[in-house]
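Please have the sequence and the model open while reading.

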Amino acid sequence: MELPPGPQYLLQYSPRYLATSLLVFMSLYAVTDFFEISLPSSLLILASFCARPGAIFIRHCYRNIKDERNAARLGAEIAPMNGHPVDQFYTLIQEYGNTLRFQMLARTQMFTVEPHHIKAILANQFETLRRAPLSSANSTPFLEQVFSTQMVRIDLVARFTLDSASEFLFGTDVCSLSAGLPYPETASNKNSPWHLNHPSHGFVESFMAGQTKLAIRFGFGLNWPLFEFWKDNIKPHRAVVDNFVEPLLAKAIERKEKIAEGDEVNLLDHLLKHTSDEQILKDELVNLLVAGRDTTACTLTFAIYMLSEHPHIADRLRAEILKVVGKTQRPTYDDVREMKYLRAFINETLRLYPAVPVDGRSSKESTVLPPAAPGQKPLYVPAHTEIIYSVMLMHRRKDLWGPDALTFDPDRFIDSRLGKYLTPNPFIFLPFNAGPRICLGQQFAYHEVSFFLVRLLQQFSRFSLARDAQPKSTINDRPRADGSYEKVWSGAHLTMFARGGMWVRMEEAQDA
C-alpha cells in the first residue's frame, strides 16, 4: 500500500531533522551538566527543535556575505533586492530595474526582463544556466463545423489542437471535435450526454485540472506534500490522462515490428525505436501534448480575442485570406508563406500573449550576467540560484518596442518599426525561446495557427465577446499594472489561458 504524500515526506526528512535536534539536545545537556547550570528541560527541548531552522538562517546569512565578496572579486554587482514573489513584477521592475532578486523564506531568486540577460540564459551561457531543477515528485505525476450567428466558447481551439497533436504524435486523430461545443451556464440548452461522456471530454478536463494543481504545487517547492498530506491531488487526473494515452500507445507497440527503419509515420513510432519503457513513453507523450496542444490553443484563443477587439484588423486579415486562398480552398504551404499580414498578426498575438509568459533556469555554478547597458557592471549570480524570466513583460517594454508597445498592431512586424526595434535586437521577441532549447515545433505551430485562422475567416466575418455567457467570477474590468486594459482575465499554469474560457459570438460571412 502506497503511503500518502505527507507521511512519505515526514519519513524522508524526519530522521535528518531529529538527528540534528538530538545532537543539539545532548550537547546542551552535557554543557549544562559540566558547568552545573540549571536549565528547565522544556527550554533545552525548545532550543533543540529550533536548532535546524536556526542553522538554516545562519547559513543563509553566511551565503549572502560570501556572495557579496565573490561579486566584488569578479567586478560585478548583485541585483537589487526588494519585494516578494506575490507582488506584481511589473511594479517592481519600474522601481528597481529590469533585473532584480527577491527573498522567498531562506531561498533567494532572481527575476529579469532584460534581453541581454535572457540571451545569456538561453544561449550564451546555456551550459551554466540549466532548466530550473523542479522536484521530480512535483512534475512527473502529470507532466470543420459551420454555424450562423451563435455563441461558442473557445473550447473549439483546445479540441482542434488536441486532434492535431494526437494525429501528429500518435498517428491517430482522437476526434474530440466530434463531441460538439459546450453551452454556457446561462443558456437554456444544456450540454448533451454525448458531449459530457465523449472519451476526450474527461481527458480535456483532467488535463487542464492537473496542470492547474501542478502550478499550485510548484509554489510550495519540495514541501508540497505537507499541503497534500493525505491525498495526492494530481494523481486522479494523471490516471484519466493515462487511460486516454495507453490504448494509443498499445496500438503503436503492436505495429512496432511491422515498421521498417526510417519508415516511421509519427513521433510515437520514432520513440518506440529508442525505448520500450512504457512509463517513459507516457511521460514523454504527455509532455509533448502540453507543448503541442496547450501552447497553440493559447495562441488561437488570444488571436480570436484580438479579432473581436479589432474589427478593422479582422477585415484586413480576411481580405488577404480571400485574395490569396479564396473562399473555400484549403491553404497550401505556399499560400501561408505569401500571406505576410497573417504572419504579422500571429506574431503580434505572440508578442502580447506568449503561450509561456514566465519560465526559469537555475545556475549550476556561480557566474555573471553581462551588463545590460554600456557603463554598467555585470550582475553576479550565485550557484544554485533560480532565475525567472518573463518574455511577456519584455515584449511589452516601451523602451524596446516603442511608445505604442501596449497597442495591438500587426503592422509593427511589417513597417519601419521592424528595422528600428526587432532587427537590430532579435532577442526582444522570444515567444518560442531561443538557443539550444528553442521550440522544436515552432514551424508546426505557425502552420497550425495559420490553417485554423484561414478556415475560420473563410466562414466568419465578425467576432465579439459574449460577456453575458462569461462566468461572472472571471469577468475582468480592471486595468493591468502596465496600464493596458483587458476584458479577458488570463491565468497561467504551464501555459497561459483564459479563465472561465473565452466565449464569443461569430457571425457567418454573407459571401462565404
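This is a predicted model: local features need pLDDT of at least 70, side-chain atom pairs count only at pLDDT 80 or more; totals for chains, interfaces and linings use all residues.

Asp 232 and Arg 217 are both buried.

Arg 217 and its partners

- A salt bridge joins the side chains of Asp 232 and Arg 217, with an N to O distance of 2.9 Å.
- Asp 232 sits in the loop between α9 and α10, while Arg 217 belongs to helix α9, so this pair ties together parts that are 15 residues apart in sequence.
- Arg 217 also forms a salt bridge with Glu 228, where the closest N and O atoms are 2.7 Å apart.
- Because Glu 228 lies in the loop between α9 (199-220) and α10 (235-254) and Arg 217 in helix α9, the pair ties together parts that are 11 residues apart in sequence.
- Glu 228 is buried, as is Arg 217.

Arg 397 and Asp 399

- Which residue forms a salt bridge with Arg 397? The partner is Asp 399, and the closest N and O atoms are 2.5 Å apart.
- Arg 397 has a relative accessible area of 9%, so it counts as buried, the cut-off being under 20%.
- Asp 399 has a relative accessible area of 54%, so it counts as exposed, the cut-off being over 50%.

A network of shared partners

- Salt bridges with shared partners link Glu 348, Arg 351, Asp 404, Asp 409, Arg 412, Asp 415 and Arg 417 into one network.

How values were computed
Residues are numbered from 1 along each chain as its sequence is written. Side-chain values use heavy atoms; hydrogens and water are left out. A salt bridge is a side-chain nitrogen of Lys or Arg within 4 Å of a carboxyl oxygen of Asp or Glu. Helices (H or I, at least four residues) and strands (E, at least two) are DSSP runs, numbered from the N terminus. Buried means under 20% relative accessible area, exposed over 50%, partly exposed in between (1.4 Å probe, protein chains only).
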